[in-house]
Amino acid sequence: MTNGGERIEISGIRRQKLLAALLLQPNQMVSLDRLVDVMWDDKPPASAHGQIRICVSGLRRLLRGGERDSVIETHPSCYRISVHGEDALDLFTFERLVSQGRAMVRDDQLERAERLLKSALALWRGPVAAGLDSPALGALVVRLHEDRLTVQEEYFDVALKLGHHQRIIGDLTGFVSENPFRERACAQLMLALYHSGRQADALKTFRAVRARFSEDLGIEPARDLHVLHQSILVGRLPSAGSPPPADPPAYAVPRPDGHQGRRPAGVALLSRTSPNTVTADPLEQLRLENDLLRTERDGLRRILSLWLDLSDVDLGVAAY
């Protein structure tokens, strides 16, 4: 880290954990008990409070610059690190650039939005608090990690709208490999491949995604991934601005005895559709239906036991 333009090395794992805990909650009171959890999890020594005070004292000496007071404040049973200035932390800069990028998207200034979001993502040099083994720190990092992944997908969205399909295929492939169950990114990769003239690779990507969901989670990927797959299969992607598709009707389930059964209520599976079906933007629809799909999956798990006697029932989406 730097302080007043001077690079500072923070030595010692305990100092590093303490500083990380304070910086992940800048300008907020952090209790002594929480810092104990960060340092030792559930097995603190009897001298835990004293050791934290020693670490704070050492950090104060490192972070005090010139005539300035220490940035670490002591309050009854808690500490606070005072951080001012919109670019004082990379986290502040990241949030500012993301906010500006999203504003550019709303104003349809996509080239500027792409540059801003790319600059924000470039601030990430690796996982937050990497190498600091602490469940308490991990809980603080989760939100930041999710924010970064969401912004990465927003950047891919903008790049796709600008027609930069080939440029982002490498980054998208790596992103999906590291985050294999983020359906929005899987759809983005399929679109990037298709628009780069790689229809076969786009279809292969869908098959890999579907197999991964089935084998690892026992569920189907999002409905709109199937819609996108069908559109790529017939070479006719949905056009922007098309009306959203109606809810698919429940279709009859063939039973071994020849009778027809209905799919139980609350389970929305994709019906057989015409090759000429044109639906709304799959990425937009994917975002809107995410919560609903999770609910439907929970319902699917609860009723799977009812179908165990159906030896030939297709539990997935109808084959295309």
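Reader: Where is Leu193 found?

Author: Leu193 is found in helix H8. Please keep in mind that this is a predicted model.

Reader: Is Leu193 buried or exposed?

Author: Leu193 counts as buried, because its relative accessibility is 4% and the cut-off for buried is under 20%.

Reader: Which residues does Leu193 touch, leaving out those up to four places away in sequence?

Author: Leu193 touches Ile169, Arg198, Gln199, Asp201, Ala202 and Thr205.

Reader: And how far is the C-alpha atom of Leu193 from that of Thr173?

Author: Those two C-alpha atoms are separated by 10.0 Å, while the residues lie 20 places apart along the chain.

Reader: What about the rest of H8: how many of its residues are buried?

Author: In H8, 12 of the 13 residues are buried, so the helix is largely enclosed by the rest of the structure. Among them are Glu183, Arg184, Cys186, Met190 and Tyr194.

Reader: What span should H8 have, at 1.5 Å a residue?

Author: The 13 residues of H8 should span 18 Å, and the end C-alpha atoms are 18 Å apart, which agrees.

Reader: What comes just after H8?

Author: Gly197 follows, with a positive phi of about 80°.

Reader: How do H7 and H8 cross?

Author: The axes of H7, which covers residues 165-178, and H8, residues 183-195, come within 9 Å and cross at roughly 145°. The crossing is left-handed. On the H7 side the contact is made by His165, Ile169, Leu172, Thr173, Phe175 and Val176. On the H8 side it is made by Ala185, Cys186, Gln188, Leu189, Ala192, Leu193 and His195.

Reader: What classes of residue make up the contact of H7 with H8?

Author: There are 9 nonpolar and 4 polar residues in that contact, and no charged ones.

Reader: Changing topic, at what angle do H5 and H6 pack?

Author: Helix H5, residues 110-122, packs with helix H6, residues 135-161, at an angle of about 150°, and their axes are 9 Å apart. That makes H5 roughly antiparallel to H6, since angles over 145 degrees count that way. The crossing of H5 and H6 is left-handed.

Reader: Which residues of H5 and H6 meet?

Author: From H5, the residues are Leu110, Ala113, Glu114, Leu117, Lys118 and Leu121. They meet Arg148, Val151, Gln152, Glu154, Tyr155, Val158, Ala159 and Lys161 in H6. By class, this contact has 8 nonpolar, 1 polar and 5 charged residues.

Reader: Why would residues three or four places apart point the same way?

Author: An α-helix has 3.6 residues a turn, so residues with that spacing point the same way.

Reader: Which residues of H5 are buried?

Author: They are Leu110, Ala113, Glu114, Leu116, Leu117, Ala120 and Leu121. What covers them includes helix H4 (90-106), H6 and H7.

Reader: How do the axes of H9 and H10 cross?

Author: Helix H9 (residues 199-217) and helix H10 (residues 223-233) have axes that come within 10 Å and cross at roughly 155°. H9 and H10 are therefore roughly antiparallel to each other. Their crossing is left-handed.

Reader: Which residues of H9 and H10 meet?

Author: Gln199, Ala202, Leu203, Phe206, Val209 and Arg210 in H9 meet Leu225, His226, His229, Ile232 and Leu233 in H10. That contact comprises 7 nonpolar, 3 polar and 1 charged residues.

Reader: On to the loops. What is the phi of Asn27?

Author: The phi of Asn27 is near 60°, a positive value in a residue other than glycine. Most residues other than glycine have a negative phi. Asn27 is found in the loop between helix H1 (13-23) and strand S3 (30-31), and is partly exposed, with a relative accessible area of 32%.

Reader: And where does Ser77 lie?

Author: Ser77 lies in the loop between strand S4 (72-75) and strand S5 (78-81). Ser77 also has a positive phi, about 60°, although it is not a glycine. At 58% relative accessibility, Ser77 counts as exposed.

Reader: Lastly, how many helices and strands does the protein chain have?

Author: The chain has 11 helices and 7 strands. Of its 320 residues, 44% count as buried. Among contacts between residues at least 6 apart in sequence, 64% join residues at least 24 apart.

Notes. Residues are numbered from 1 along each chain as its sequence is written. This is a predicted model: local features need pLDDT of at least 70, side-chain atom pairs count only at pLDDT 80 or more; totals for chains, interfaces and linings use all residues. Side-chain values use heavy atoms; hydrogens and water are left out. Axes are lines fitted to C-alpha atoms, for helices over the stretch in contact, and angles run from 0 to 180 degrees between N-to-C directions. Helices (H or I, at least four residues) and strands (E, at least two) are DSSP runs, numbered from the N terminus. Angles under 35 degrees count as roughly parallel, over 145 as roughly antiparallel, 65 to 115 as roughly perpendicular and the rest as oblique. A crossing is left-handed if the near helix is turned anticlockwise from the far one by less than a right angle, and right-handed if clockwise. Contact means heavy atoms within 4.5 Å. Ala, Val, Leu, Ile, Met, Phe, Trp, Tyr, Cys and Pro count as nonpolar, Asp, Glu, Lys and Arg as charged, and the others, Gly among them, as polar. Buried means under 20% relative accessible area, exposed over 50%, partly exposed in between (1.4 Å probe, protein chains only). The expected span of a helix is 1.5 Å times one less than its number of residues.
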